[in-house]
Amino acid sequence: MKEASPAKAYALHLGVIALLFALSFVLPEYHHGLLARIMVLAVFAMGYNMLFGYVGLLSLGHAMFFSAGLYGAGLAVIHLGWSVPAAFAAGLACGALLALVIGVLALRTSGVAFMIVTMMFAQVFYLIILYFAAWTGGDQGLVVPQSARVLVLGDTSLGLTNPTVRYMSALVLFSIVLLVALVIVRSRYGRVLVAIRENEERTKMLGYDTFSNKLAAVVVSGTICAASGAAYALLFGYVGSTFASVQYSILPLLWVLLGGAATTLGPLIGTLFMYYVVDITSGYTSAYLLIVGIALILLVLFFPRGILGTIRQRWLGWLP
Amino acid sequence: MMPLLTTKGLSRNFGGLRAVDGVDFALMPGEIRAVIGPNGAGKTTFVSLVSGRIQPSSGMIVFDGGDITNLPAYARVRLGIAYTFQITSVFANLTAYDNVALPVQRTLTDGRSKGAVYAGAMAALERTGLADRAHMPAGQLSYGHQRLLEVAMGLALKPRLLILDEPTQGLADSEIDNFIGLVREIAKGATVLLIEHNMPVVMQLADRITVFNAGRILAEGTPEHIRANAEVQDAYLGTTP
């Protein structure tokens, strides 16, 4: 054997990207917009999965990383008049820095304590956003003006409000993050992360500084989530404190669990599934959450490892 | 010749219990040293202190001339102290190959050589006779093979000191014979510190034996010397002359 042949895995991922690209030309307007949003949020889920799925660290505070990107990019445009690429970079930087600080503090704990500590930090972050309402818009949030959401590339300027540009921007971000995630989890570093998840004590006794490895994972995870937040602000033009609330820390967990933790494509499938279940059922009844709940229970009963996780376990062992 | 490992006044308290009590110990390079003693004598605590899994209450540990008392466990592993667990603790959900690839990739300093991880991992699996099971999840291996995998992981670290904590526990007699051969093989390139209850294994393998009792070293010497030692017989059999 070799270190498992990569061709199949890469072909599958490129195929998914190609499919999403093709869908842009056939989807009706409503679903086109929804899918763009789902791709951006799937990036959030992929960032979450990096830490939860591969390292086994359950955070209940990832909304702060998403909103660090959201506000980092949004406020840079609104208050400083930065261009789209600069604002996106600012969002990434905010997320990476926040993840580094939170990682150093929160990784002193593990298990339930880690969940509580990350949740508390996220609440602090949420309250800070509300407190500085003069700049952040408080619970009303802020709208990023359309005039500022223009991506200038050389001589061409692309309005991010244009549905096709928006869809393609979301797809580019999604594709980059998907491929980066694939490379990471197949790398030696990915193998160490999984080892930490499986048995941290043993990993230490193989000579690995598990704290540094975990901290790096928190920063990678936080940065990916911030990329999603920054893209959300720039593509959809709304920066609001709801995104920093605890609900947005639970959602990525749910998406990842649905799609399959520790699978590279699981986050996309989970996000897609959740959005469409809500979308379809809310069309029929106002009690759609009841149906969503039942769907979730059925899924946990029959697909305990998530959709893709179960498929991998039963049929396709090579899935990354 | 300078000892590879020395401890001076090494102690560890658990509440009121002195599990390890002022141990002065020296281990020469190339030696196979067995550590024996009744249950609760402090053997595992002692090697845990050496490997850095627990911190000493007092005393000092010197490895290859350097003070390692305050180094974290992972740093000691990098210096060449490998520890194989008493309770089998392989990564059950990973394949045997991945289990061994982890320590191999740790020891490789040039990060770009993909073939080297494969070669190193397969070499360690071959030495322990597990090469044909490389693809199996470690949790599905038989108990004896899991113990061998544990040793393969230790070997893959290319240690200078390999600590084996009750390696033959739960093995069948036929497996034990292979195991003795394997440890002799390993000892050609590394110093071995072996905690073992199985006396025939100890007598066949050890160059010297250290006997622990109640957290202290009771006796130390060659297998013949220890076999004849009256104090050791007391500690094991509980008779007072």
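Predicted model: local features only at pLDDT ≥ 70, side-chain atom pairs only at ≥ 80, totals over all residues.

User: Where does L102(B) sit?

Analyst: L102(B) lies in helix α3 of chain B, which covers residues 96–107.

User: Is L102(B) buried or exposed, and why?

Analyst: L102(B) is buried, because 26 other C-beta atoms lie within 10 Å. The cut-off for buried is 20 or more.

User: Which residues does L102(B) touch, leaving out those up to four places away in sequence?

Analyst: R191(A), V192(A), A195(A) and L206(A). Those contacts are with chain A.

User: How far is L102(B) from V117(B)?

Analyst: The C-alpha to C-alpha distance is 8.7 Å. In sequence, L102(B) and V117(B) are 15 residues apart.

User: Now the helix. How long is α3(B)?

Analyst: α3(B) has 12 residues. From first C-alpha to last, α3(B) reaches 18 Å, close to the 16 Å expected at 1.5 Å a residue.

User: How many of its residues are buried?

Analyst: In α3(B), 11 of the 12 residues are buried, so the helix is largely enclosed by the rest of the structure. Among them are Y97(B), D98(B), N99(B), P103(B) and R106(B).

User: Let's go to the interface. How many residues are in contact?

Analyst: Chain B has 24 residues in contact with 17 residues of chain A.

User: Which elements of chain B give two or more residues to that side?

Analyst: Three helices of chain B: α2 (73–79), α3 and α4 (114–127). The largest share comes from α3(B), with 7 residues.

User: What kinds of residues are on that side of chain B?

Analyst: The side of chain B that touches chain A has 15 nonpolar, 5 polar and 4 charged residues.

User: Switching topic. What's the sheet in chain B?

Analyst: An open sheet of 6 strands, with mixed pairing. The order is β6-β7-β8-β3-β9-β10.

User: Which strands are at the edges?

Analyst: β6 (81–84) and β10 (216–221) of chain B. Each has a single partner strand, so one side of each is left without a neighbour in the sheet.

User: How much are neighbouring strands turned against each other?

Analyst: By 20 degrees on average, direction ignored.

User: In which sense do β7 and β8 of chain B pair?

Analyst: Parallel, over 5 bridges. Strand β7(B) is residues 161–165 and strand β8(B) is residues 191–195. L162(B) stands opposite V192(B), which is in β8(B).

User: Which helix packs on the sheet?

Analyst: Helix α1 of chain B, residues 43–51. Helix α1(B) touches β3 (32–36), β6, β7, β8 and β9 (208–213) of chain B. The direction of α1(B) makes about 150 degrees with that of β7(B).

User: And chain B as a whole?

Analyst: Chain B has 9 helices and 10 strands. Its radius of gyration is 18 Å, which agrees with the value near 18 Å for a compact globule of 241 residues. Its C-alpha trace spans about 60 × 40 × 35 Å along the principal axes. Of its 241 residues, 45% count as buried.

User: How many helices and strands are there in chain A?

Analyst: Chain A has 14 helices and 4 strands. For 320 residues, a compact globule would have a radius of gyration near 20 Å, and the 19 Å of chain A agrees. The C-alpha trace of chain A spans about 55 × 45 × 45 Å along its principal axes. In chain A, 46% of the 320 residues count as buried.

Notes: Residues numbered from 1 in each chain as written. Chains lettered and ligands numbered in written order. Contact = placed C-beta atoms within 7 Å. Nonpolar A, V, L, I, M, F, W, Y, C, P; charged D, E, K, R; others polar. Expected span 1.5 Å × (residues − 1). Rg over C-alpha atoms; globule rule 2.2 N^0.38 Å. Pairing = 2+ DSSP bridges. Axes fitted to C-alpha atoms, helices over the stretch in contact; angles between N-to-C directions.
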